[in-house]
Structure formats: structure tokens, C-alpha cells
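Q: I would like to go through the terms used for this model one at a time. For each, please set the value against the cut-off and then conclude.

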Amino acid sequence: MIIGLLMIVLVLGILLTLVVKSLPSIQALGLKYLWGKTWDPVQDIYGAAPFLLGTLISSFLALIISVPFSLAVAIFLGEYYPNGWLPDFLKNAVELIAAVPSVIYGFWALAVLVPIVRTFETNIGVAPLGQGIFASSLILAVMIIPYAASLGRSMIQLVPSQLKEAAYGLGATRWEVIRSVILPYTKSGLFAGVLLSLGRALGETMAVTMVIGNTSLMPHSIFGYGNTMASVIANEFTEADKPVYVSALIELGLVLFLVTVVINLIGKKIIDRFTND
Amino acid sequence: MEIKSVKYRIGKNYGFKALVIIFAFACVVPLLFILSYILEQGITKINWRFLVNVPRPVGETGGGIVNALMGTILIIICASLIAIPIGILAGIYLSENKKSRLAYWSRLCVDILQGVPSIVIGIVAYFWLVKPFGFSAISGSVALAIMMLPIIVRATEETLKLLPASLKEAAFALGMPFHRVIFKVIVPVGISGILSGVMLSIARITGETAPLLFTAFGNPYLNFKIWKPMESLPHVIFTYATSPYDEWKDLAWGASLILLVWVLLLNIFTKLITRKWKVQL
Amino acid sequence: MESTIIKSRNFNASFGTNHVVKNVNIDIPRNKVVAVMGPSGCGKTTYLRCINRMHELIPGASSSGEMTINNENIYQMHPIFVRLKIGMVFQRPNPFPNLSIYDNVIAGYKLNGIKLPKPERDRVVEHSLTRVALWGEVKDSLNKKGSFLSGGQQQRLCIARAVAMEPEVLLFDEPTSALDPISTSTVEELFHELKANYTLIIVTHNMQQAARVSDKTAFFYLGELVEYDETKIMFTAPKDSRTQNYITGRFS
């Protein structure tokens with residue numbers, strides 16, 4: 001039916017639009033755009049490296065911070081307490097984290113988190129900017145907890161009880177069963193959950209742009225200002241007056257599109273293979 | 001046999017459990033902080049004037065966000081009108097065609113769509129609808145509709161896949177034509193799952209800002225014409241929150257509370273309905 | 001050494017309010033094979049799982065009464081120690097899928113944090129696999145994953161894994177119900193050899209198996225231990241009419 005085609009057309013349309021609109025900048029700037037370190041539209045110099053780096057640093061930092069929490073929730077709900085009112089409360093609370101709009105996270109982070117970070121930075125002897133990559137990673141970390149947590153929980157619940165029993169029968173403690181049976185068994189599923197969280201972090205726009213400081217310079221410290229691909233597009237798209245400027249931003253959008261799509265597809269593939277085994 | 005001190009292993013066991021519990025519940029702490037802070041800041045800013053006035057210029061008091069409230073409602077209604085029929089039809093198609101090549105690629109595209117960052121969808125909608133026609137609410141609705149599609153398609157497909165084949169077979173055996181079987185028999189039985197998918201998608205896009213940045217764009221006036229720019233709740237929060245004016249920031253807190261309550265209610269409502277209907281399924 | 005290794009006195013077990021094992025009194029003799037039989041739901045598996053304290057892993061499960069091994073109260077020892085003395089083989093073969101055959105056999109050591117030098121480990125693996133008549137078949141593929149073996153071989157691997165810990169008692173929960181007839185008979189032959197070094201308690205729903213392999217047989221019905229005697233007597237001249245009805249197939 002045509003409707004099935006429509007979905008394909010839609011995605012191809014998106015891809016095509018991005019590619020076509022990036023063409024002017026691809027043609028004018030070539031591939032070295034991707035590692036160019038200077039972004040100065042006024043002088044017509046475009047380099048994407050500050051934003052690529054900013055995106056990678058903030059996303060991975062957010063991931064590192066959030067994974068232990070996601071894992072704890074997954075293990076708590078998947079292994080220790082799958083049923084009961086307290087686990088239900090936790091499960092709903094974590095799902096609620098994903099439901100809160102990102103602009104609200106951004107506003108709160110701006111009003112509350114940034115001053116806290118500023119105090120922290122004063123205490124450790126770093127320039128007390130407050131805003132910056134560190135603050136944005138913190139709020140990002142909170143926002144992406146639910147993704148790895150929920151997938152992780154499902155994966156952990158899939159571990160066959162007979163494997164766990166075999167380990168208990170040999171004299172293992174619960175922690176030993178988790179470490180030697182559950183975690184190895186769900187390794188790839190948990191990894192897929194982390195990928196899902198990563199994909200979410202890479203594409204997050206609003207909360208990041210409100211807190212990261214929005215500078216076009218190469219990030220030099222996690223406590224300094226930065227910018228991500230998504231946040232620079234959000235900030236500068238409507239101001240972009242030259243075609244190459246616009247096109248350079250679209251090219252960032254194209255890179256963002258490709259990277260997040262690939263990560264999400266890999267994650268989904270892993271889950272499919274896991275649940276079909 | 002040399003056994004590592006059993007006491008040590010038991011200690012590690014309890015230690016790990018404690019660690020897991022601490023980290024797991026620590027997640028709830030930021031959420032509670034945020035919710036209570038927004039409640040605290042926003043509750044004092046909401047009054048009748050707030051809800052029915054349009055924003056006043058800086059310096060004047062008594063501004064409100066009625067344009068954003070109406071705008072959000074309108075944009076969501078338009079987005080739903082676009083996404084729901086297409087999404088349900090696509091879901092029906094995918095559940096009926098499990099093996100064909102077209103269905104495989106189609107399903108893949110739905111998965112891809114789910115992972116696309118919202119700002120990218122905003123850009124694309126800009127080039128499709130804003131470049132030729134100017135900023136408009138409808139372009140924002142289209143962007144949001146694209147985001148709603150994967151959720152509705154997925155929910156529809158999964159719900160319909162769970163229905164017993166005998167249901168369809170009985171209808172066919174009675175001589176019903178295909179489209180009737182689908183719309184008069186299959187869909188009504190699966191309506192609860194489909195509906196929860198729809199509600200989930202609405203809850204998802206209600207708080208989205210990025211796709212609206214370059215499409216609906218924002219409008220300081222109350223506007224009901226969907227082919228013109230329109231303000232929306234998330235967008236007004238973003239604009240006012242990042243502004244240097246305290247009166248505007250106050251408006252942003254009030255708006256945040258309203259948006260938060262709206263989204264939370266939608267989510268809770270969806271959960272309740274899903275639970276209630278799933279039981280009957 | 002006393003001839004009784006495991007004793008139960010007034011032993012009861014429940015799942016919540018569901019009382020499934022009622023007042024069981026039984027003496028398990030050392031180095032013998034004891035079969036536990038009965039219709040589905042009679043409590044035999046639950047009773048078995050109480051011996052090595054696996055029953056309590058289920059939320060809501062409880063037990064009461066006395067259960068001893070070598071006159072030591074099982075319920076006053078730490079479960080880890082209990083399970084090192086009493087090994088278990090389950091209904092469906094469950095070798096650890098991510099471990100090789102070699103690693104599966106010594107998995108018990110790894111889990112308990114016991115570090116053995118390599119020559120020791122090799123000896124344990126060879127010894128255990130020989131005990132279950134698997135050494136010849138797998139000695140050249142010890143590094144392959146356990147999942148490549150047939151069902152019967154996998155089950156023997158699981159027995160080897162349990163045997164490697166040098167327990168005194170081996171519990172078997174319907175060990176051949178998931179196996180084909182040939183594998184079943186291979187495993188049954190093992191029982192005869194294993195009892196030289198271990199005491200075996202085998203739960204089975206297959207009466208003929210009980211008659212074939214065991215020295216003593218216990219018959220459970222509706223949670224009670226109805227009759228317990230030499231296997232020969234149980235199957236030719238049982239004293240209780242319920243036993244008589246069961247073995248003549250009046251109910252199963």
C-alpha cells in the first residue's frame with residue numbers, strides 16, 4: 001500500500017533535504033570543514049570541529065555520569081525487586097524523568113544548577129562561569145538516565161532463572177550471581193541501552209543550549225563554555241544570512257542525523273538479536 | 001579447600017545491594033528537586049490575568065501567555081490531525097504485511113524516524129514549508145506530526161499483531177471485504193492500544209521546542225490563523241527564560257508550571273488508560 | 001561414620017499460605033540412591049529444593065522443622081556452606097552459555113572465589129568429567145562452549161560441574177525428563193557409579209526410572225511422605241494403599 005511507501009519517502013525526503021541543502025557548503029568548504037577549528041561567519045570562515053568536539057565531550061561525559069545510575073535502576077527493578085509498590089514508584093519516577101520537557105530542564109538548570117556549578121568551580125579554583133560543558137553534561141546526564149535504565153531492566157528480566165539457579169546451587173551469593181551470570185548474559189543488551197542513551201544525548205538541543213555557554217571557540221576545558229552541533233543550529237540558524245552560512249549549519253544537521261540514526265539502528269539491531277535468540 | 005572468607009563475600013553481597021539501592025533512588029532526587037522548584041516558582045505567577053492576557057512590552061506589568069496557551073493547543077490539534085490517520089494506517093499496513101520487502105524497509109524507516117533529533121526535523125520542515133510559505137503554525141504542526149508518527153505506528157502495529165488471527169478469519173468467512181474487516185473488526189478491538197499510542201505521542205510532542213524554533217516561530221499576539229506564525233508554550237518558556245528581564249522570567253516560571261502539569265497529567269492519564277484497558281484485553 | 005547422612009524431622013514447607021510439604025520425616029542413607037516419586041504437585045520437588053535451601057530463594061517461601069546433614073542443622077549453617085556440601089542438577093541442562101566446557105566444570109570454584117593453580121584446575125576438570133563418563137568425548141574440545149553439546153552431554157556436564165565441588169550429596173530434580181531415551185539411560189548408568197562416592201537423591205515422575213536406579217524409594221502424595229522403603233518392597237509389596245494405587249497407574 002502507498003502508506004508503506006510514505007514512510008520510506010519521508011525518511012528519504014529528510015535525508016535528501018539535508019544533503020541538498022548542505023551541498024553549497026560541502027562544495028565551498030570541502031571535507032576539511034569537519035576538522036576546521038575556527039567558526040567565524042562574519043569572516044566567512046567555517047570549521048565544525050568546535051561543535052563536533054563539544055557534542056562528543058558533553059555527550060560522553062553525560063553518559064559516564066548517568067550509566068551507573070541507569071544500571072542501578074535496571075538491576076534494582078530487574079533483579080532485586082521486580083514487584084511491589086516501592087519498585088513501581090521508582091519505575092514511574094524514572095519514566096517521569098523522560099517525560100519532562102527539555103526546555104524545563106534547561107530553565108531549571110539555568111536557574112539552579114548553574115549557580116551551584118559556579119560555587120563548585122570557585123571551590124576548586126577554576127573560573128566560576130557556571131555555564132559551560134560541565135553544567136550541560138550534568139543536566140544531560142539526568143535526562144538520559146531513563147533510556148538505559150528501562151532497556152537494561154527488560155534485558156535483565158530476560159535472564160533465564162535456571163542459569164541463576166545453577167549459580168546459586170554452586171554456592172554463589174546474589175552479588176556473585178549478578179556479576180557472573182546476569183551481567184555477562186545481558187552484556188549486549190545493556191550496551192544497546194547505553195547506545196540509546198547516547199543517541200538521545202547527542203541530539204538534545206534545548207537544555208544544552210540554555211546552559212552550555214554558546215561559544216564558537218574550540219572547547220579547552222570541561223568547565224569552560226562550549227557548543228554542540230544541535231545548540232549552534234538552534235542559536236544561529238535564524239541569524240544565518242549568507243547561503244554558505246546556512247548551508248554549513250545544515251551540514252552539521254546532516255552529520256547529526258547520520259550519527260544518531262546509525263547509533264540508534266545499531267542499538268535496535270542488538271536488541272532484536274537478543275530477544276530473538 | 002581454601003574458601004575466600006565467606007564473611008567477606010557476604011559483606012560484599014550486602015554492600016553491593018546497598019550501593020544499588022542508593023544509586024537507584026538517587027535518580028529520583030533531581031526529579032523531586034526540579035518538580036518542587038518549578039511548583040514553588042510558578043505557583044505565585046499564575047493568576048487570571050496571566051492566563052488571558054498577551055505579553056506586554058518590557059516594563060509593563062500584567063503580561064500573560066494566552067497566545068502561547070492557545071497556540072500550543074492549536075498546533076497540537078493540527079499535528080494530531082495529520083499524524084493520527086497516517087500513523088494508524090501505517091501501523092495497520094505493517095501489521096498486515098510482516099514479510100514483504102516494502103514492509104521491511106518501511107519498518108526500518110519508522111525506526112530511523114524515531115531516532116532523528118527534533119532539531120533536524122525542524123530544519124527539514126523549515127525548508128519544506130517555511131522557505132516557500134513563511135513561518136506558520138502549520139509548518140510547526142507538520143514537524144511535530146513527523147515526530148508523532150513513529151510512536152503511533154509502533155503502538156498500532158504492536159497492538160494489532162497481538163490480536164488473534166481467528167478474529168480476522170471469522171470476519172472474512174462471513175464475506176466481509178478487506179477494508180471493512182480492518183476498520184469494523186480489527187481496529188475497534190485494538191483501539192485501546194492504538195489510543196494509548198496516540199496519547200503517548202501527544203504527551204511526547206507537547207513539550208517539544210526545537211522543531212518549533214524555525215517553523216511556528218513565535219508570535220507576541222494572539223493568533224488563530226494556522227498559516228501565520230504562532231506562539232507555543234515551550235517556545236515562550238525558552239524565549240523568556242533566556243531573556244535578561246525579570247518580568248519575563250516570571251512569566252517563564254508560570255508557563256513552566258503549566259506545561260509541566262499538562263505533560264504530567266497527560267502521561268499519568270495515558271498510564272491509567274493503558275493499565276485499565278490492557279487488563280481487559 | 002554414621003549410616004544416615006541426611007535427616008528430616010517434622011519438616012514443612014510453604015509458598016505463602018500454600019502448605020506444600022507436610023510433616024516429612026525421612027532418613028537418607030549414605031552412599032545410596034534414594035528416589036523420590038509421586039504425582040505432579042505432590043511436593044517432591046519442593047522438598048528436594050529445601051535440602052539445599054534453594055526453596056527460600058523464592059519470594060514468600062518458608063519452611064519449618066529440622067533438616068540435618070551429618071547431624072548438623074542445615075538451617076543454621078550459611079546457605080553457601082550447605083550448597084558446597086549438597087550439589088544440585090536441574091531438570092533442564094543449564095551449562096553457562098558464555099563459558100567453555102572447561103570453565104563450566106570449574107565454575108563452582110570461580111563463583112566461590114577459590115583460586116586453584118592451573119595443574120590443580122586441570123586435574124579437577126579431568127577428574128570430574130571422567131566421573132560422568134564425558135572425558136573421552138570432550139577432552140579435545142574443552143575450550144568449546146558448552147552449548148555445542150547434545151542434551152545428554154550437557155546434562156552430564158552439569159553433573160560434572162556439581163561433582164567438581166566434591167559435595168557429599170547430589171540432588172537431582174527430574175534430571176532426565178528433558179532428555180531422549182538414549183541419553184536417559186547413559187545418565188541412569190552414571191547414578192550407579194556415582195553412589196560409590198556420593199549420596200544421591202533423585203526426584204522423578206517416572207516410576208520405572210525409580211525402580212531401575214534406586215536403592216530406596218520415597219512416595220510423596222499431596223505433600224505428605226506416604227511411604228518410604230527399599231525399592232524392591234515399594235514396587236512389589238507396598239504397605240500403603242495410596243502407594244499401591246500409584247504404582248498400578250490408578251493416578252499419575
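**Terms and their grounds**

A: In this predicted model, the buried residues of α1(C) are Lys44(C), Thr45(C), Thr46(C), Tyr47(C), Leu48(C), Arg49(C), Cys50(C) and Ile51(C). A residue counts as buried if 20 or more other C-beta atoms lie within 10 Å of its own.

Q: What makes helix α1 (residues 44-51) of chain C mostly covered?
A: Eight of the eight residues of α1(C) are buried. The helix is followed by Arg53(C), which has a positive phi near 60°.

Q: Why is Phe217(B) called buried?
A: Phe217(B) has 22 other C-beta atoms within 10 Å, and the cut-off for buried is 20 or more, so Phe217(B) is buried. The residue sits in the loop between α10 (210-213) and α11 of chain B.

Q: Why is Glu166(C) called partly exposed?
A: Glu166(C) has 16 other C-beta atoms within 10 Å. Buried needs 20 or more and exposed needs 12 or fewer, so Glu166(C) falls in between and is partly exposed. Glu166(C) belongs to the loop between α7 (151-163) and β7 (169-173) of chain C. Here too a residue other than glycine has a positive phi, near 50°.

Q: How do you know that the radius of gyration of chain C agrees with that of a compact globule?
A: For 252 residues, the value for a compact globule would be near 18 Å; chain C has 18 Å, so the two agree. Along the principal axes, the C-alpha atoms of chain C fill a box of roughly 55 × 40 × 35 Å.

Q: What else describes chain C, in terms of its helices and strands, its buried residues and its contacts?
A: Chain C has 11 helices and 10 strands. Of its 252 residues, 46% are buried. Among contacts in chain C with a separation of 6 or more, 70% are between residues 24 or more positions apart.

Q: How many residues do chain A and chain B bring to their contact?
A: Chain A brings 58 residues and chain B brings 60 residues. On the side of chain A that touches chain B, helix α1 (residues 2-29) of chain A gives the most, with 12 residues. That side of chain A has 45 nonpolar, 10 polar and three charged residues.

Q: Why are α4(A) and α11(B) called roughly parallel?
A: The axes of helix α4 (residues 102-123) of chain A and helix α11 (residues 233-241) of chain B cross at roughly 20° and come within 9 Å. Angles under 35 degrees count as roughly parallel, therefore α4(A) and α11(B) are roughly parallel to each other. Their crossing is left-handed. Val103(A), Phe107(A) and Leu110(A) of α4(A) make the contact with Pro234(B), Ile237(B), Phe238(B) and Ala241(B) of α11(B). By class, the residues of this contact are seven nonpolar, no polar and no charged.

Q: Why is α6(B) called oblique to α7(B)?
A: Helix α6 (residues 118-133) and helix α7 (residues 137-162) of chain B have axes that cross at roughly 135° and come within 9 Å. Roughly antiparallel needs an angle over 145 degrees, and roughly perpendicular covers 65 to 115, so α6(B) is oblique to α7(B). The crossing is right-handed. Residues of the contact include Ile121(B), Ala125(B) and Leu129(B) of α6(B) and Val142(B), Ile146(B) and Met147(B) of α7(B). The contact of α6(B) with α7(B) has eight nonpolar, three polar and no charged residues.

Q: What makes α7(A) roughly antiparallel to α10(A)?
A: The axes of helix α7 (residues 174-203) and helix α10 (residues 243-276) of chain A come within 9 Å and cross at roughly 160°. Since angles over 145 degrees count as roughly antiparallel, α7(A) is roughly antiparallel to α10(A). α7(A) passes α10(A) in a left-handed crossing. Among the residues in contact are Phe191(A), Leu195(A) and Leu202(A) of α7(A) and Val259(A), Ile263(A) and Phe274(A) of α10(A). The contact of α7(A) with α10(A) divides into 13 nonpolar, seven polar and no charged residues.

Notes. Residues numbered from 1 in each chain as written. Chains lettered and ligands numbered in written order. Predicted model: local features only at pLDDT ≥ 70, side-chain atom pairs only at ≥ 80, totals over all residues. Helix = DSSP H or I, 4+ residues; strand = E, 2+ residues; numbered from the N terminus. Rg over C-alpha atoms; globule rule 2.2 N^0.38 Å. Contact = placed C-beta atoms within 7 Å. Nonpolar A, V, L, I, M, F, W, Y, C, P; charged D, E, K, R; others polar. Axes fitted to C-alpha atoms, helices over the stretch in contact; angles between N-to-C directions. Left-handed = near helix turned anticlockwise from the far one by under 90°.
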